[in-house]
Amino acid sequence: MSEREQAVTEEVLASFAGTADPRLREIMPALVRHLHGFAREVRLSQGEWEAAIDFLTRAGHITDERRQEFILLSDVLGLSMLTVAINEPDMPGATEATVFGPFFVDGAPEVPLDGDLARGAAGTPCHVSGHVLSADGTPLSGVRLDVWGADEDGFYDVQYPGERSAGRGWQRTGSDGAFRFWTVLPTPYPIPHDGPVGDLLTATGRGPMRPAHLHFKVTAPGHRTLITHIFVAGDPYLDADAVFGVKDSLVVRAEHHRGGEAPDGSRPAGEWTSMAYDLVLVPTADAD
């Protein structure tokens with residue numbers, strides 16, 4: 001490293017010495033050191049710097065209330081999953097966390113036990129059930145579960161025009177900690193790849209596919225909020241998730257049925273599926 005390069009870095013580092021917030025005073029110099037180190041390591045050219053600025057500008061322009069390109073960028077670079085790994089409590093038996101994803105929406109409809117959160121989403125009906133437990137096995141009643149997923153064409157409701165809510169909802173667990181709802185069987189789908197993140201994947205020879213999954217956000221008093229997925233066993237993209245979110249413990253078998261009686265006592269016509277999985281939360285004291 002030349003003296004001229006070192007002088008630039010040292011001047012920038014010194015500019016943050018008066019930062020009042022101690023955590024920000026820790027973060028900013030570390031960011032500068034790594035960012036400047038990256039530029040020196042690859043000998044960043046002026047043209048490459050301009051291309052990077054253009055890339056980030058395009059990501060900003062395509063981001064709106066329905067699409068978050070910067071979350072996609074964080075996901076495909078593995079930063080999202082690394083942040084999850086850094087912050088996840090190390091407690092054997094607890095359900096593992098994974099990426100939040102860009103398609104969570106506040107204000108989804110409440111769905112009663114055995115209710116339908118598909119609400120017209122296209123796909124094979126799927127009954128999903130399980131229990132929410134504390135780490136010691138105690139069932140947790142009244143826990144809020146937000147659930148969302150894509151339809152059989154690989155699209156979330158927010159990717160369609162209009163204000164339709166389909167394939168998402170929330171419910172509270174019963175007195176025994178149980179949750180039960182109908183949705184549609186998840187299918188693999190590509191992350192949005194018609195923008196700068198898609199261009200990055202193409203340029204690096206990577207694909208945009210995610211294996212079939214359902215998203216869960218589980219919130220319970222006295223427990224750490226859990227953000228996770230359940231993945232469908234046998235999916236061809238389990239080992240090639242574009243956002244690195246798959247964990248073996250989250251892979252669940254989908255049972256296929258034709259006719260017969262469903263777990264809620266109904267008798268669906270034609271093909272339907274079922275998935276069962278318990279969610280184990282970490283008490284806040286143990287997380288701390």
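A crossing of two helices is left-handed if the near helix is turned anticlockwise from the far one by less than a right angle, and right-handed if clockwise. In this predicted model, local features need pLDDT of at least 70 and side-chain atom pairs count only at pLDDT 80 or more, while totals for chains, interfaces and linings use all residues. Residues are numbered from 1 along each chain as its sequence is written, and side-chain values use heavy atoms, without hydrogens and water.

**Helix 1 and helix 2**
- The crossing of helix 1 and helix 2 is right-handed.
- These helices pack at an angle of about 160°, with axes 10 Å apart.
- Helix 1 and helix 2 are therefore roughly antiparallel (angles over 145 degrees; those under 35 count as roughly parallel, 65 to 115 as roughly perpendicular and the rest as oblique).
- Glu5, Val8, Thr9, Val12 and Leu13 of helix 1 meet Pro29, Val32, Arg33, His36 and Arg40 of helix 2 (contact means heavy atoms within 4.5 Å).

**The loop residue Asp21**
- Asp21 lies in the loop between helix 1 (3-15) and helix 2 (22-42).
- Asp21 counts as partly exposed because its relative accessibility is 42% (buried means under 20%, exposed over 50%, partly exposed in between, with a 1.4 Å probe and protein chains only).
- A polar atom of the Asp21 side chain lies 2.8 Å from the backbone nitrogen of Leu24.

**Helix 3 and helix 6**
- Helix 3 (residues 46-62) packs against helix 6 (residues 196-203) at about 135°, with axes 9 Å apart.
- Helix 3 and helix 6 are therefore oblique to each other.
- Phe55, Arg58, Ala59 and Ile62 of helix 3 make the contact with Pro196, Val197, Asp199 and Leu200 of helix 6.

Conventions. Axes are lines fitted to C-alpha atoms, for helices over the stretch in contact, and angles run from 0 to 180 degrees between N-to-C directions. Helices (H or I, at least four residues) and strands (E, at least two) are DSSP runs, numbered from the N terminus. A polar contact is a pair of N or O atoms within 3.5 Å; within protein, one must be able to donate a hydrogen and the other to accept it, and residues adjacent in sequence count only if both atoms are side-chain atoms.
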